[in-house]
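Thank you all for coming; I would like to walk you through one structure this morning. Please have the sequence and the 3D view open beside you as I go.

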Amino acid sequence: MIQYLKNNRLQALFRGFLFGTFALMSLHCAFRPSGDLKGYESYFPHENPNTSIQKGKIRVTFLGTTSILLDDGETQVLTDGFFTRPSLWKTAFTKIESDPVILTSVLEKAKINRLKGIFVCHSHYDHAMDAPFVAKYTKSKLYGSNSTINVGLGAGLDKENMEEFQVGKPIKLGKFTITVLESKHTPPFRILGKTNATDPNFPNITTPLVPPVKALEYIEGGTFDFFIQHGKNKIVIKSSTNFVKGAYEKIKADVLFLGIAQLSLQPKPFQEEYFEETIQKLNPKLIIPIHWDNFFKPLNKPLEPNLKLGDDFDANMQELLKRTSKDQIQVQLLQGFESLDLF
Ligand SMILES: [Zn+2]
């Protein structure tokens, strides 16, 4: 009998050990990057032009997630400007806020010194959190939805340094003309039983959001794309992997910055429609994937693909490259702080 009990206990211990090892292995796996950039070397330009920008050209500098700096040598325009990138631990378990030391170092390194406007595509923290401080430090204007304006007010930004943008109404900054287009957020997903979907009863940030706050306090507040014209050149910046049917009906773009986060996790018909509503409609010569990097890691280290926990970079790129090779469209990835002359 004692032997039997002992065996039983041993078996239970062994089962516990196996389960624990399996759980640890899965966790370990989930916190690994969902791709290896070594396989995409040929897609990185590695040019980093250091010369002054020639007249008529537009230089883009990628600053992680969907933070894109456009510069024509006279005027700079930025989307989102999310640079603090708190760790996964901090984001999950603490209140978060912008880090002025990180922000100023990024502004300096990326030579953001003639910025005229920051356009925020939606009000989740990984897009909107730092934007008011970037506006403050650079004395530029913050453009966003009403929710983003409340992020700005909570951060202490003056009303005259902000403007609520209107869909379809062009904004002129230097030679850039920016038109805001209606868009949609990447379909919601679940992590450890929790969804990231916005509560339909609270779709907007309705009062000034004073940091530090929990990441979840940054409510989407609508999602927007940006159609940017500069002379005869046209650019579209689409940050989220979703679309409003027909939103690009009347426009074309030479360059498309395309959000690919979680693309391959969506059903096949969604993926096909996403490409039809973006690539097929805009007919770009060049696509630069965005929102592919793990934004829990700092921007001053080489960017890594999103974690396996919530994404699949390799599969996203495979889907994109399958489509672009068929249409003979050029694809370029950019590392953090990497620049490229677009035209
Ligand atoms: Zn979001």
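Before I name any pair of residues, let me say that two strands are taken to pair if DSSP finds at least two bridges between them. Please also keep in mind that this is a predicted model.

With that in place, let me begin with strand E1, residues 59-62, and strand E2, residues 68-71, which pair in the antiparallel sense over 4 bridges. Within this pair, valine 60 stands opposite leucine 70 of E2. The two strands form a hairpin with 5 residues between them, and in the turn glycine 64 has a positive phi of about 80 degrees. E1 also pairs with E16, again in the antiparallel sense, over 3 bridges, and there arginine 59 has aspartate 341 as its bridge partner.

A parallel example here is strand E4, residues 115-119, with strand E5, residues 141-144, which are joined over 3 bridges; isoleucine 118 stands opposite leucine 142 in E5.

Now to what lies on this part of the sheet. Which residues of H6 are buried? They are Ser147, Thr148, Ile149, Asn150, Val151 and Gly152, and what covers them includes helix H4 (125-128), helix H5 (131-138), E5 and E6. Just after H6 comes glycine 156, with a positive phi of about 85 degrees.

Let me turn to the other sheet I want to show you, an open one of 7 strands in the order E7-E8-E11-E12-E13-E14-E15, with mixed pairing. Strand E7, at 171-173, and E15 stand at the edges with a single partner strand each, so one side of each is left without a neighbour in the sheet. Inside this sheet, strand E8, residues 176-183, and E11 run antiparallel and are joined by 8 bridges, with threonine 177 having glutamine 229 in E11 as its bridge partner.

The helix I would pick out next is H7, residues 268-282, which has 15 residues and reaches 21 Å from its first C-alpha to its last, close to the 21 Å expected at 1.5 Å a residue. Even so, H7 bends by about 30 degrees at glutamate 276. Its buried residues are Tyr274, Phe275, Thr278, Ile279, Lys281 and Leu282, and their cover includes strand E12 (233-238), strand E13 (255-259) and helix H8 (313-327). In general, an α-helix has 3.6 residues a turn, so residues three or four places apart point the same way. After H7 comes asparagine 283, whose phi is positive, near 55 degrees.

That brings me to the backbone details worth checking in your own view. Most residues other than glycine have a negative phi, and most peptide bonds are trans. Lysine 111, however, has a positive phi near 55 degrees, and sits in the loop between helix H3 (100-109) and E4. Is lysine 111 buried or partly exposed? It counts as partly exposed because it has 13 C-beta neighbours inside 10 Å, whereas a buried residue would need 20 or more. Phenylalanine 337 likewise has a positive phi, near 70 degrees, and lies in the loop between strand E15 (330-331) and E16; with 19 other C-beta atoms within 10 Å, phenylalanine 337 is partly exposed as well. Lastly, the peptide bond from proline 211 to proline 212 is cis, with omega near 0 degrees, and proline 212 lies in the loop between strand E10 (194-195) and strand E11 (223-230).

Terms used. Residues are numbered from 1 along each chain as its sequence is written. This is a predicted model: local features need pLDDT of at least 70, side-chain atom pairs count only at pLDDT 80 or more; totals for chains, interfaces and linings use all residues. A residue is buried if 20 or more other C-beta atoms lie within 10 Å of its own, exposed if 12 or fewer, and partly exposed in between; C-beta atoms are placed from the backbone. Two residues are in contact if their C-beta atoms, placed from the backbone, lie within 7 Å. The expected span of a helix is 1.5 Å times one less than its number of residues. The bend at a residue is the angle between axes fitted to the seven residues ending there and the seven starting there.
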